[in-house]
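Please have the sequence and the viewer open together.

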Amino acid sequence: MTEIEKKSILTNILAQYLNHLSKHLPEDISSALLRLKEQESDDSARAFYETMFRNMELAAELDRPLCQDTGIVQFKIKCGALFPAINELADSLTDAVRIATEEAPLRPNCVLSFEEKNTGDNTGGGVPTVWWEIVPNRYDCEITAYLAGGGSSMPGRAEVLMPSAGYDAIIPFVLDRVAEYGPNACPPLLIGVGVGNSVETAAMNSKNALLRDADSKNSNPKAARIEELLEEGINKMGIGPQGLGGSSSVMGVNLVNTARHPATLAVAVSFGCWCHRRGRLHLDRNLNFESPTHPGFSK
Ligand code: SF4
């Protein structure tokens with residue numbers, strides 16, 4: 001396969017995948033919404049869930065995006081160093097965003113800062129955002145794509161706490177942020193909590209937490225306990241779907257942690273809204289692909 005052929009195939013797969021993501025929620029999010037709808041006792045909250053499911057049906061039926069804010073496209077790439085299209089991948093990501101913007105269509109959301117110019121195609125000035133991880137001795141590539149909306153995961157918060165505050169201090173930090181802007185982020189929410197050594201590592205961990213499945217648990221029992229306590233605490237706040245009250249407010253709380261400096265305890269939080277459009281695509285060395293989050297996706 002020539003380089004031009006590889007780039008064309010890859011771009012086409014990625015453009016179609018972004019198009020699909022804008023119209024179909026991943027299975028873990030649909031299941032979480034269904035569980036919350038079935039548990040909900042408040043009539044008006046149930047009506048909101050009914051509307052969300054009707055929205056999902058219509059998006060698929062009419063081939064239209066689930067929400068008017070199709071976000072900024074963010075990619076997390078875990079690419080084998082021996083993946084045959086590794087050289088073409090960066091250009092393919094950008095071209096795929098341009099094509100999906102036209103075809104899905106995605107709303108043009110990329111505004112060049114200080115110039116105040118919308119580029120019109122969702123690319124430019126560091127957009128799409130791409131986080132790379134190169135994995136030695138592997139031929140495959142895993143691409144996580146996220147359409148990050150302006151009201152949910154973009155306005156996150158991060159802070160470096162004193163370690164003497166203890167890990168329990170994560171709880172009021174997150175609850176305060178949920179009270180501050182959670183109702184505006186189109187609940188029920190997926191809460192991503194990051195713990196690390198500095199604001200940027202904690203912030204990145206909170207974003208990675210949003211990319212984990214809604215029903216997953218941290219493997220460390222103490223961190224998993226904080227996930228549980230936060231879920232209970234946020235549900236008790238009574239925010240409910242769309243912030244208008246209800247017995248549940250979260251689809252899940254995911255905490256991702258990395259090591260910290262002895263003098264710092266950095267914590268960050270990012271929110272995913274009910275319309276959490278992210279997916280994982282796995283490509284092998286021959287550019288065959290599958291998406292565990294969207295089994296219905298095929299070229
Ligand atoms: S928070 Fe989510 S559902 Fe609400 S407008 Fe933004 S992208 Fe759409």
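This is a predicted model: local features need pLDDT of at least 70, side-chain atom pairs count only at pLDDT 80 or more; totals for chains, interfaces and linings use all residues.

Helices α1 and α4 pack with their axes 8 Å apart, and the chain has a cis peptide bond between Ala 104 and Pro 105 and another between Pro 187 and Pro 188.

**Helix α1 against helix α4**

- Helix α1 covers residues 3–21 and helix α4 covers residues 86–103; the angle between them is about 45°.
- The crossing of α1 and α4 is right-handed.
- From α1, the contact is made by Glu 3, Lys 6, Lys 7, Leu 10, Thr 11, Leu 14, Ala 15, Leu 18 and Asn 19. On the α4 side, the contributors are Glu 88, Leu 89, Asp 91, Ser 92, Leu 93, Asp 95, Ala 96, Val 97, Ile 99, Ala 100 and Glu 103.
- Sorted by class, the contact of α1 with α4 has 10 nonpolar, 7 charged and 3 polar residues.

**Tyr 146 in strand β5**

- You will find Tyr 146 in strand β5, which runs over residues 141–148.
- Is Tyr 146 buried or exposed? Its relative accessibility is 3%, so Tyr 146 counts as buried, the cut-off for buried being under 20%.
- Leaving aside residues up to four places away in sequence, Tyr 146 touches Ile 72, Val 73, Gln 74, Ser 153, Lys 207, Leu 210, Leu 211, Phe 271, Gly 272, His 276, Arg 277 and Arg 278.
- Thr 70 is 76 residues from Tyr 146 in sequence, yet their C-alpha atoms are 9.8 Å apart in space.

**Asn 205 in helix α6**

- Asn 205 sits in helix α6, residues 199–211.
- With 6% relative accessibility, Asn 205 counts as buried.
- Its contacts, again without residues up to four places away in sequence, are Val 193, Gly 194, Val 195, Gly 196, Val 256, Asn 257 and Thr 258.

**Backbone details worth a look**

- Most peptide bonds are trans, and most residues other than glycine have a negative phi.
- The bond joining Ala 104 and Pro 105 is cis, with omega about -10°; Pro 105 lies in the loop between α4 and β2.
- Omega is near 10° for the cis bond from Pro 187 to Pro 188, and Pro 188 belongs to the loop between α5 and β7.
- Phe 114 has a positive phi, near 70°, and is found in the loop between β2 and β3. Phe 114 is exposed, its relative accessible area being 84%.
- Glu 116 has a phi near 55°, also a positive value, and lies in the loop between β2 and β3. At 60% relative accessible area, Glu 116 is exposed.

Definitions and conventions: Residues are numbered from 1 along each chain as its sequence is written. Side-chain values use heavy atoms; hydrogens and water are left out. Helices (H or I, at least four residues) and strands (E, at least two) are DSSP runs, numbered from the N terminus. Buried means under 20% relative accessible area, exposed over 50%, partly exposed in between (1.4 Å probe, protein chains only). Contact means heavy atoms within 4.5 Å. Axes are lines fitted to C-alpha atoms, for helices over the stretch in contact, and angles run from 0 to 180 degrees between N-to-C directions. A crossing is left-handed if the near helix is turned anticlockwise from the far one by less than a right angle, and right-handed if clockwise. Ala, Val, Leu, Ile, Met, Phe, Trp, Tyr, Cys and Pro count as nonpolar, Asp, Glu, Lys and Arg as charged, and the others, Gly among them, as polar.
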